[in-house]
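This report goes through one protein model part by part. Please keep the sequence and the 3D view open while reading.

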Amino acid sequence: MEDIVSLLVKRHMNLVVENILSFLDHNSLQSCEFVSKTWYLVIRNGKLWKQLYGRVSQRKPLLQNLMIRRELEAKHDTENDEFLYKRLFYAQQTLVQNWSSGKYKTSLKALGEVSVSIFTMDARRILYGLRTSPSVPSSIMVWNRWTMESEHFLVGHQEWITDMQICGDLIFCSYYDGTILVWDLKTKEVVQQFQDQEVVDWVVIHAAHGLLITCTSILSGLTDRDTSVTIRRIHSPTEMAIEKTEEISNMKVSMLVSDENYFAVVLSSSSRNCIKLQLRSPVDFQCVHEISNLISHEDSYAYHSGWLVTGSSEGIIKVWNPVTQTCVQTWNSQEKIEDLHLSSKHIVTRNSDGKLFAWDLPISDRINLLEKPSPSCLFEINGSEEVSMMDPSLIVDELQILTISVKDIPKTDASTSALTVRDFLN
């Protein structure tokens, strides 16, 4: 007896079948391919994997990043790859399995006799800010993330780099004297340069949602700092207009990140022994929520996709919903936490010996996550090769864990740097 799909195909009603199957998720669509040759051909000829990608990729950035990786790796011909979108969903499943089993490929890339003071990345590129002597300007190396080929070498300002971000083809870079440069990688030129304060202690920057946020800290005592915040609207690479400024007394910005709903700002004060988390509007940077009791001064912390995770020196990890100020999960990692990083699905902590520990981020649709058992460590990574002299020296996303080691050359003022990549797709 023939099934309904085969009967519809016999009546040349393929469009009806394609419409029905287009509502399936990737697991169901994969199962349907194994029903029969008829089902398989309907899915292939109807390009249902491509339709599924178009439907879900906007809310799943990982799929977009996998597409970018495939485009950039060995200049893959994505236009003529009949099974491209199916491969992307299979790759997504592979990542889940490899994180769960601790399976990854390690590669080491020597950077040479340079000292990296800061590094960052996006889906396409890795940026290295090179530490310099007072007589040599700071510089930025730009690499293709997937081929590890050098794309640009940008010579910038005389001072050391304090913060750096890549946003599309624009690089935003702040320096120790408060200067901010904006590079356009299309032209390899500085398209913006400004300095909001002349006497500064530190500068934190972040570009998202069409805004450039500049937070300049100024010493206001032996330990405290005042912070001046400037909000610019990014109209184009060459036009960035100040919309407003804000003064924050006796507090410095320790973290500034964003997701699709908020800018997340962590403010700290040594004299007040106080740390605040502010969630600010992506439209105008107005404060929407302010929470003062989730983070202690000894904690490591990270924010990603609406979740705040804290790790204490006693090894206690807590996952918070900052909007409701609810701790949804807590457990003891049994290791002193010196550093903590967060991706969309995982937590990576580092102890005082440089050893890395990976955990699932325990979030779900269940109302009471406290009833769930404590997460088990997925895997550990020996940190013996990590001689860290920078912050951050570790970057985590769902595809890779990247670490930088900087080592002094004995009897000289020079240093060597190396990048270690742990890739969960290979």
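## Basis of the model

This is a predicted model, in which local features need pLDDT of at least 70 and side-chain atom pairs count only at pLDDT 80 or more, while totals for chains, interfaces and linings use all residues. Residues are numbered from 1 along each chain as its sequence is written, and side-chain values use heavy atoms, with hydrogens and water left out.

Helices (H or I, at least four residues) and strands (E, at least two) are DSSP runs, numbered from the N terminus. A residue is called buried under 20% relative accessible area, exposed over 50%, and partly exposed in between (1.4 Å probe, protein chains only).

## Helix H7

Helix H7 covers residues 84–101, 18 residues in all. From its first C-alpha to its last it reaches 26 Å, close to the 26 Å expected at 1.5 Å a residue. The expected span is 1.5 Å times one less than the number of residues.

Which residues of H7 are buried? They are Leu 84, Tyr 85, Lys 86, Leu 88, Phe 89, Ala 91, Gln 92, Gln 93, Leu 95, Asn 98 and Trp 99. After H7 comes Gly 102, with a positive phi near 70°.

## Surface patches

Patches are made of residues with over 30% relative accessible area and no salt bridge; like charges are joined within 9 Å, and nonpolar side chains (Val, Leu, Ile, Met, Phe, Trp, Tyr) within 5 Å. Accessible areas come from the Shrake-Rupley method with a 1.4 Å probe, and for residues only the protein chains shown count as cover. One nonpolar patch on the surface is formed by Met 13, Val 16 and Ile 20, which together have about 230 Å² of accessible area. Val 16 belongs to helix H2 (residues 14–21). Val 16 counts as partly exposed because its relative accessibility is 37%.

A patch of positive charge on the surface brings together Arg 55, Arg 59, Lys 60 and Lys 345. Lys and Arg count as positive and Asp and Glu as negative, with His and the chain ends not counted. The place of a charge is taken as NZ of Lys, CZ of Arg, CG of Asp or CD of Glu. Lys 60 sits in the loop between helix H5 (48–56) and helix H6 (61–72). Its relative accessibility is 30%, so Lys 60 counts as partly exposed.

## Salt bridges

How many salt bridges does the structure hold? There are 18. A salt bridge is a side-chain nitrogen of Lys or Arg within 4 Å of a carboxyl oxygen of Asp or Glu. One of them joins Arg 232 to Asp 196, with the closest N and O atoms 2.7 Å apart. This pair links distant parts of the chain, 36 residues apart: Arg 232 is in strand E12 (residues 225–236), and Asp 196 is in the loop between strand E9 (189–195) and strand E10 (202–208). Arg 232 counts as buried because its relative accessibility is 4%.

Asp 201 and Arg 225 also meet in a salt bridge, at 2.3 Å from N to O. Asp 201 lies in the loop between E9 and E10 and Arg 225 in strand E12, 24 residues apart. With a relative accessible area of 14%, Asp 201 is buried, whereas Arg 225, at 22%, counts as partly exposed.

## Backbone angles

Most residues other than glycine have a negative phi. His 209, which is not a glycine, has a positive phi near 55°. His 209 is in the loop between E10 and strand E11 (211–219).

Gln 334 also has a positive phi, of about 70°, without being a glycine. Gln 334 lies in the loop between strand E21 (326–332) and strand E22 (339–342). Is Gln 334 buried or exposed? Gln 334 counts as exposed because its relative accessibility is 63%.

## Contacts across the chain

Ile 381 is in strand E25 (residues 379–381) and is buried, with a relative accessible area of 4%. Ile 381 and Phe 357 are 24 residues apart in sequence, and their C-alpha atoms are 6.5 Å apart in space.

Ser 415 is found in strand E28 (residues 415–423). Ser 415 is buried, at a relative accessible area of 10%. Ser 415 and Arg 131 are 284 residues apart in sequence and 9.8 Å apart in space, C-alpha to C-alpha.
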